[in-house]
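This briefing covers a single protein model. The notes below are grouped by topic and are meant to be read beside the structure.

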Amino acid sequence: MAIIEKNVNPQSYKTWFKPIKPVKLDGTALTIQVPNKFFYEFLEERYVPVLKKAIRDELGPKGRLEYQIFAGEKRTRAAVGNTSGNGRSPMNNPSSEITNPFVIPGIKKPALDPQLNEKYTFEYFIEGDCNSLARNAGIAIADKPGGTAFNPLYVYGDVALGKTHLAQAIGNKALEVNPDIRVLYVSTGKFTNQIIQAIKKDSVNDFMNFYFSIDLLIVDDIHFLAGRKKTQENFFNIFNQLQQSGRQIVLTSDRPPKELKDLEERLISRFKWGLTADLTPPDFETRMAILQAKLDRDGLELSEGVLEFLCYNIKSNIRELEGALIMLNAQASLNKRKVDLQLAKEVVQKMIREVNHEITVENIQAIVAEEYDIKVQELVSKTRKQPIATARQVAMYISKLLTKNTMKSIGQNFGNRDHTTVIYSCKAIRNMMDIDEGFRKDMQELEKKVRMSLHG
């Protein structure tokens, strides 16, 4: 484990190696226990080189690694991988006589509308530490619904972190791989309403048979089953039938199974059978990648400085981030304004109560200009007069020291200067601090003044 930890990034080590448990060492054969089949498949697909290195270094050239998959709760998997050609058992082949609860009488629709939004794809579901486990599991499921070790896939997380996007991406990809597969996406609210209508029309058997015919069932917001006993009972029967016949189930929720309230314990227990994966708020780099992907998709362009500002100040969820982008372009179009940092600040302030209290290049420019008794416009101008040039180098140095902006972004804030200018300025200031103690103390005081400016 120590060898592996040195050869993979910290998030990968935490996700894929920390859960491993040693079982036994028989000569040069090490047996390890992994949580499920997916772990085994993922390790073998992605990490064979690092595993080989660890085994070779510790056990020698004849070292071997054997896996033991955690049995966990007793469950039947016999049907997985044993379904016939189209993945449906003969008794559940769909019949034209079975009522489709998604079809409104009088409105002609295809035999089965998967209810998917074609815009939700893996291509636009950007991978980061916040979602890598769920995303990789989703891709594996889409390639082989019902044929992986995690059934159901239970994805949970706060609002607007991509649960619905991921769930529907699985369905869209599965249909791309096999157009004949029967895929269905349904919200828990709609599922409940269908149950109510089926009871009223005395057609519960037709309703159940329709769901029994699905190969890949995606149910969104499963926590809304809480307190609905009749709906829970019917969903329990559907879950069992699909699971036992090797079909795939994907569930989303705003909380992990153990925190679900007013749900039958037997349902909660089944939700834990497969893989439970959480989605967390994306980090700065992932937020930047998400916005850039949306810009590319929509054929739009924004400066890196504006993108960074949006991503620094909107951190809670993806929907707000994309909403800011839409509002920014709408404001620019309607008011015939340039999409710049000032407009971005106005948009963000309208969307959230308070912009994050972070030191900005603009703050630093204002304080340095005041300190050197010059105007901010002179800092960003082309002039090379010595006092202004020195003040500019100081401002660039402190900007690199106290903000998260890239060299390129800092340069853009100083009259669109190249990042090499910022590098040179930082080096020049460090050299001056090394040889001039008075200058070093002045810089330390200036740095303190900038930090204190956040507190008014």
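S381 lies in the loop that links helix 16 (376–379) to helix 17 (386–402). The model is predicted, and the mean pLDDT of the protein is 83.

- The relative accessible area of S381 is 23%, so this residue counts as partly exposed, given that buried means under 20%.
- Apart from neighbours within four places in sequence, S381 is in contact with R392 and R417.
- From the side chain of S381 to the backbone nitrogen of T383 the distance is 3.5 Å.
- N416 is 35 residues away from S381 in sequence, and their C-alpha atoms are 9.6 Å apart in space.

- Five strands form an open sheet in the order 5-6-7-4-8, and the pairing is parallel.
- Strand 5 (183–187) and strand 8 (275–279) are the edge strands; each has a single partner strand, so one side of each has no neighbour in the sheet.
- On average, neighbouring strands of this sheet are turned by 15° against each other, direction ignored.
- Four bridges join strand 6 (residues 216–220) to strand 7 (residues 248–253) in the parallel sense.
- V219 stands opposite L251 of strand 7.
- Helix 7 (residues 188–200) packs on the sheet, where it touches strand 5 and strand 6. The direction of helix 7 makes about 90° with that of strand 5.

**The protein as a whole**

- The protein has 20 helices and eight strands.
- Of its 456 residues, 46% are buried.
- Among contacts with a separation of 6 or more, 73% are between residues 24 or more positions apart.
- The accessible surface of the protein is about 24,300 Å², and carbon and sulfur atoms account for 50% of it.

**Confidence**

- A pLDDT of 70 or more is reached by 87% of the residues.
- Where pLDDT is low, the predicted coordinates should not be read in detail.

Notes
Residues numbered from 1 in each chain as written. Predicted model: local features only at pLDDT ≥ 70, side-chain atom pairs only at ≥ 80, totals over all residues. Heavy atoms only, no water. pLDDT = per-residue confidence, 0-100. Helix = DSSP H or I, 4+ residues; strand = E, 2+ residues; numbered from the N terminus. Buried < 20%, exposed > 50% of the residue type's maximum accessible area, 1.4 Å probe, protein only. Contact = heavy atoms within 4.5 Å. Polar contact = N/O pair within 3.5 Å; in protein donor to acceptor, adjacent residues only side chain to side chain. Pairing = 2+ DSSP bridges. Axes fitted to C-alpha atoms, helices over the stretch in contact; angles between N-to-C directions. Areas by Shrake-Rupley, 256 points an atom, 1.4 Å probe, with all protein chains shown as cover.
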